[in-house]
Amino acid sequence: MPSDFRPSAAVSRSAHFEACVLPHLDAAYNLARWLARDDADAQDVVQEAMLRAFRYFESFHGGEARVWLLAIVRNTFYSLRAKSASDDAHETFDDDAHVVIDEQPSPEARALLAVDVDALQTALTHLPHPLREAIVLRELEECSYKEISAITGQKIGTVMSRLARARERLRSELSITFTEARRHDVR
């Protein structure tokens, strides 16, 4: 055993990690689940992210542990995704080419109150990864624009434009879904 190893220091570090990070485990899984679109893959992402978080816990210097952990989850997902050659691994998205100005109330607020949850979940799964992660972080995890910027490493303006595009895509897909549903209603 190294002479500088102190069992009490290791226990203290572990207890500090548990106190800071474990309360955010549900948020970590939720983000991983929406990014991976699969329970088993999400569990793998969270497990690897928690190992990375524990391994590099010394780099956490206070602040918002939730944001720090969600950034690790996001980065873990993308690094694991890059290793596997999935069909949508080369999904491209050009922020400048898809500018949308959102002038209406968010569809999430209306949708969560008025739509079928399955339709909303389906619409979310059809969003490209950059849009899905932005909307999940904002609307489901209730992160601020600043927190999303820190998690994703994007500028706040990029976060805002991605959210606007995600809302527009959700609005469009949900309106199509409900138009089709009304056609099939038996009166």
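Let me start with a term: a residue is called buried when its relative accessible area is under 20%, exposed when that area is over 50%, and partly exposed in between, using a 1.4 Å probe and protein chains only. By that rule, Glu142 is exposed, at a relative accessible area of 64%.

Hello everyone, and a word on the model. This is a predicted model, so local features need pLDDT of at least 70 and side-chain atom pairs count only at pLDDT 80 or more, while totals for chains, interfaces and linings use all residues. Residues are numbered from 1 along each chain as its sequence is written, and side-chain values use heavy atoms, with hydrogens and water left out.

Back to Glu142. Its phi is near 55 degrees, a positive value in a residue other than glycine. In general, most residues other than glycine have a negative phi. Glu142 lies in the loop between α7 (129-140) and α8 (145-152); helices here are DSSP runs of H or I with at least four residues, strands are runs of E with at least two, and both are numbered from the N terminus. Arg37 also has a positive phi, about 65 degrees, and is not a glycine. You will find Arg37 in the loop between α2 (25-36) and α3, partly exposed with a relative accessible area of 33%.

Now to the rings. Rings of Phe, Tyr and Trp (its six-membered ring) pair if their centres lie within 6.5 Å; planes under 30 degrees apart are stacked, over 60 edge-to-face, and the rest tilted. How many aromatic pairs does the structure hold? There are six aromatic pairs. One of them joins Phe17 and Phe57 edge-to-face, at 5.2 Å centre to centre with 85 degrees between the planes. Phe17 sits in helix α1 (residues 7-21) and Phe57 in the loop between α3 (39-55) and α4 (65-83), so this pair ties together parts 40 residues apart in sequence. Phe17 counts as buried at 7% relative accessibility, and Phe57 is buried at 5%. Phe57 also pairs with Phe60, this time stacked: 5.9 Å centre to centre, 20 degrees between the planes. Ring pairs link Phe17, Phe54, Phe57, Phe60 and Trp68 into a cluster.

We say a charge sits over a ring if NZ of Lys or CZ of Arg is within 6 Å of the ring centre and within 35 degrees of the ring normal. The charged end of Arg13 sits over the ring of Phe54, 4.3 Å from its centre. Arg138 lies over the face of Tyr145, at 5.1 Å from the ring centre.

Finally, the core. A nonpolar core is a set of buried Ala, Val, Leu, Ile, Met, Phe, Trp, Tyr and Cys residues joined through side-chain atoms within 4.5 Å. Which residues touch the most other members of the largest nonpolar core? They are Val21, Val73 and Ile135, out of 45 residues in that core. The elements giving two or more residues to this core are α1, α2, α3, α4, α6 (117-125), α7, α8 and α9. Helix α4 gives the most, with nine residues. As background, nonpolar side chains tend to be buried together in soluble globular proteins.
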